[in-house]
Amino acid sequence: MSNPYIVLPVIFQLFVAVVLMFSWNRKNLQKLISVIGSLIALLISLLLLLKVNQDGIQAMQAGGWVAPFGITFVADTFSALLVLLTAIAGLAVSVFSVGSIRNARIKFGYFPILHLLIMGLSGAFLTGDIFNLYVWFEIIIISSFVLLTIGGEKAQIEGAIKYVTMNLLASVIFLTAIAILYGLTGSLNMADLSIQVAAVENRGLVNVTAILFLIGFGIKSAVFPLYFWLPASYHTPPPAISAIFGGLLTKVGVYALLRVFTLIFIPDEFLTWVISIMAMLTILTGGLGALIQNNMRKVFSYLIICHIGFMLAGLGIYSAIAIAGAVFYLVHDIMVKTNLFMVSGLIFKFKGTYSMRLLGGFYKEQPLLSLLMAIPLFSLVGIPPLSGFWGKLLLIKGAIASSNILMIAFIILGSFLTLFIIAKLWAAVFWKDGAELPRKKHIKYFEELKPLKKKAMIGSIAFLSVISLGIGFGAEWIMRLSMTIAENLMDPTPYIQAVLGI
Amino acid sequence: MKTIIFKTASAYLLPLLLLFSVFILLRGHYLPGGGFVGGLMAAIAFVIHSFANGIDKTKNIIKFHPGFLMPVGLLLALTAGSLPLAFGDTFMTGLWMKQSVPVIGSVGTALFFDTGVYLVVIGVTLTIIFTISEGL
């Protein structure tokens, strides 16, 4: 179905960014605009999801150029759901930024860039054109590079160099793959490619291209062995920025993998085997990496990698139920990871350190706040009614159905590693008796902040925690949604029909 | 580079190059040219002027901070792109006026989009150059 308004989530973010640029020097006004803008964006994306849920896949041909010649935007349930999650995370981070970002960073245009980043993310989820996907990826990289370096601390610059080098390399590989694909088929429209690639006789070249896409997206989504840029950079910027990075940046890569490897390349046995091995090793290395870290944010960075492995496992098993599991896990992970980085930021505001060895006694000092923080932490572990459990359940179900014993073992191992790490973190930060930490001069501690800022930081964590709880307790609804998404991914005919209008 | 020849020439080059950049801007669409190249040329005009007369004098000509051109240009481009939505067309559809305007030719949303790009490019380039030369 054709619908010219599905591009609104993208345009609106650009509009907010432009309005923010006009109020460059007025910091409080910028905060207000950013929060209101994020609220409206949330509303728009909610309407989009409802519309897609009701009327099926929506497509839009930019400039009125008919597919496969123009650039197509497609909103199926998967895209619309991810756009909604992006908007939710965007709102939370925007509110959290009101409380935690220093004025010096706002002066350099923090808020406009944040909204441009969210625009890039929404665009990447909505586009139906592989080259346009590359363009959105570039927008994401450029905005994240600015966000990573704003403030110009030494550690930040060091992290940014690793981050940008690896991501530019990934972009080059991605672009090369697109070029080969275009040479093979003469098309860039993903729905059209789905038909064209299946008809290409040179299967060897198709497989090579598929591997190139796997490497390109693999770097971006931080899978084994291409993940090392992530723990080297995610702990360097302010927590609000880590939150949006940790929640969404790697997930765009996962989204692209899920989309490309269900729509364009249908993986053969060899490719699913490669993806499965990558998934297992990602789970293992991410988990083991997190085990030995002392910096809270580094722990979470490694846990991102570990849990990217779960989503990749869904693709590796390649059945409807396993992909539904991966989608469910994706939904849960975006909310929880965004929240966890904000939690670490809030703890830092209280204590002035991220080091688990130095921290302690948080439960004794802030019992209510600790309970609030327990929600995302234990959702991540996936203790049954909480959100992390259901995705893994579906994944294991899928693995049993395809009798992939090794995968089950690794998923369970990954869960245990996560449980152990979170238990260790909980014991170290919340229960252990903490020594009195020396007050640092350059940090503005929580109790020195204005009441509005305090409320903004706690409010955004509470908001995402409630959503995580909602995902856990409303699992049936999300599960039905993920099953629909998985079925749509496994059978792309409706998608192709909606785009090409056949 | 404060030679008298360069200084004299730059006084003539500034308006000439600016005019030429507008020509390149309007020439775009069917022929090589457009907002991006035009914007770069306009920025070069100011850069040459600043080389010859010093950065402060150039800033005096422009009067406002060039960074201001960025949101203006973006807003213009965004409006030109979203305008078709109001008429029930899709984003970025070209809307054209029925009658053509003398000198410029036919006017459509594409022209405004390109003008937006032109302004953004001038704004970005001059902001970068002014910032770097302040640090020297």
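H12(A) covers residues 269-292, and its 24 residues should span 34 Å at 1.5 Å a residue; the end C-alpha atoms are 35 Å apart, which agrees. The expected span is 1.5 Å times one less than the number of residues. Helices (H or I, at least four residues) and strands (E, at least two) are DSSP runs, numbered from the N terminus.

## About the model

This is a predicted model, in which local features need pLDDT of at least 70, side-chain atom pairs count only at pLDDT 80 or more, and totals for chains, interfaces and linings use all residues. Residues are numbered from 1 along each chain as its sequence is written, while chains are lettered from A and ligands numbered from 1 in the order in which they are written.

## Chain A as a whole

Chain A has 21 helices and 2 strands. Its radius of gyration, taken over C-alpha atoms, is 22 Å, close to the 23 Å that the globule rule gives for 502 residues, so chain A is as compact as a globular protein of that length. That rule is 2.2 Å times the number of residues to the power 0.38. The C-alpha atoms of chain A fill a box of roughly 70 × 55 × 40 Å along the principal axes, and 59% of the 502 residues are buried.

Two residues are in contact if their C-beta atoms, placed from the backbone, lie within 7 Å. Of the contacts in chain A with a separation of 6 or more, 81% join residues 24 or more positions apart.

E1(A) pairs with strand E2 (residues 72-75) of chain A in the antiparallel sense, over 4 bridges; strands pair if DSSP finds at least two bridges between them. A:Thr72 in E2(A) is the bridge partner of A:Gln61.

Further along, A:Tyr354 sits in the loop between helix H14 (320-351) and helix H15 (362-365) of chain A. A:Tyr354 is buried, with 21 other C-beta atoms within 10 Å. Beyond its neighbours within four places in sequence, A:Tyr354 is in contact with A:Asn295, A:Met296, A:Arg297, A:Ser344 and A:Phe348.

Chain B has 5 helices and 0 strands. Its C-alpha atoms fill a box of roughly 55 × 30 × 20 Å along the principal axes, and 34% of its 136 residues count as buried. An unreviewed UniProt entry places the feature "transmembrane region" at residues 12-30, 36-55, 67-87 and 107-132 of chain B; such annotations may be inferred rather than shown by experiment, feature names are shortened, and positions follow the numbering used here. In the model, residues 12-30 of chain B are 84% helix and 0% strand, with end C-alpha atoms 30 Å apart. Residues 36-55 of chain B are 95% helix and 0% strand, with end C-alpha atoms 23 Å apart.

The contact between the chains takes 13 residues from chain B and 13 residues from chain A. On the chain B side there are 8 nonpolar, 4 polar and 1 charged residues. Ala, Val, Leu, Ile, Met, Phe, Trp, Tyr, Cys and Pro count as nonpolar, Asp, Glu, Lys and Arg as charged, and the others, Gly among them, as polar.

Terms used:
Buried ≥ 20, exposed ≤ 12 C-beta atoms within 10 Å, placed from the backbone.
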